[in-house]
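Dear colleague,

Please find below the structure for your review.

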Amino acid sequence: MTGPTGTIGAALIRHCIQESVEVYALIRRHSRKRDRIPEHEAVHVIECDLEELDGLDVAAFPPCDVFYHLGWTGTTGDARNDMRLQLDNVRYTLDAVAAASRLGCGAFIGAGSQAEYGRVEGCLRASTPVFPENGYGMAKLCAGQMSRRECGRLGIRHIWTRILSVYGPYDSECSMVMSSIRKILAGETPLFTKGEQMWDYLYCADAARALFLLGESGKDKKIYCIGSGAADRLANYIRIIGEQADPQVPLGIGRVPYGENQIMYLCADIRQLQEDTGFQPRVGFEEGIRNTVEWVKAQQSGKKG
């Protein structure tokens, strides 16, 4: 697995431990996020930067079953439009496919993004037209297409996912969920639009389980949208965050104007995911936020986990 220290990667490792599945986690050299990976006899941490994947020494590994490629550079800010950096990510994805082949993997699962669709409203599915607007989305789309072709040539089952809004421990500090939680815990009023947007949020443990199930029974050459499959008003999500973090802190709903071309509805169509794997989300938003708030508090008090 590449990208094991991200929100989904860390959750996927925990799920693999629960399922008694051995994991080889490839992390950046001298990674400051190494402590996000659980210490367990079934988890093996290997230092390997993405640019080193093409030279990965497979002799150090037993034959593996599934290669999860979750690693990506330049996911936020101006880096999303650093075209050369994003082009490197496409190459790293192809290097990951080659590594999967050398490791004897029967399946390759890549983490794509809703950014591949560009500015679109509605229920997202594999057949939804793709018009990415930034380098990040363009590179994700290209990586999915090229890795699919390369996996076909090498006889590896290829599965590409397009992930919507996943939240939970280790989420980006600039995400709506995490930034709101931290502001509220600090007694600061977070500011929002009116929150009329209909959005789809999925807890990281559920996202991890979806990926695990795809490794078991996802269909070759298919694209799966990863989300809860249900949309709710953003204002409702915000109120739940406030209730779980600190109901005494006021919420600044409606104090920020909508941006230009604001997308008002976005939801994942997970019917194919459900039909092929039996996946059903288990963690509701209230429970997921409660878990996330508890995790943030533990981090602030210096506890690990």
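**Helix packing in the predicted model**

Helices H2 and H3 run roughly parallel to each other, because angles under 35 degrees count as roughly parallel and their axes cross at roughly 25 degrees. Please note that the model is a predicted one. H2 covers residues 83-102 and H3 covers residues 135-154, and the two axes come within 9 Å. Their crossing is right-handed.

On the H2 side, the residues that meet H3 are Met 83, Gln 86, Val 90, Thr 93, Leu 94, Val 97 and Ser 101. H3 contributes Gly 135, Tyr 136, Ala 139, Cys 142, Ala 143, Met 146, Ser 147, Glu 150, Cys 151 and Leu 154. Sorted by class, this contact holds 11 nonpolar, 5 polar and 1 charged residues.

A second pair is formed by H4 (residues 176-185) and H6 (residues 234-245), which pack at an angle of about 40 degrees with their axes 10 Å apart. H4 and H6 are therefore oblique to each other. The crossing in which H4 passes H6 is right-handed.

From H4, the contact involves Met 176, Val 177, Ser 180, Ile 181, Ile 184 and Leu 185. Leu 234, Ile 238, Ile 241, Gly 242 and Ala 245 take part from H6. By class, there are 9 nonpolar and 2 polar residues in the contact of H4 with H6, and no charged ones.

Yours sincerely

Note on methods. Residues are numbered from 1 along each chain as its sequence is written. This is a predicted model: local features need pLDDT of at least 70, side-chain atom pairs count only at pLDDT 80 or more; totals for chains, interfaces and linings use all residues. Side-chain values use heavy atoms; hydrogens and water are left out. Axes are lines fitted to C-alpha atoms, for helices over the stretch in contact, and angles run from 0 to 180 degrees between N-to-C directions. Helices (H or I, at least four residues) and strands (E, at least two) are DSSP runs, numbered from the N terminus. Angles under 35 degrees count as roughly parallel, over 145 as roughly antiparallel, 65 to 115 as roughly perpendicular and the rest as oblique. A crossing is left-handed if the near helix is turned anticlockwise from the far one by less than a right angle, and right-handed if clockwise. Contact means heavy atoms within 4.5 Å. Ala, Val, Leu, Ile, Met, Phe, Trp, Tyr, Cys and Pro count as nonpolar, Asp, Glu, Lys and Arg as charged, and the others, Gly among them, as polar.
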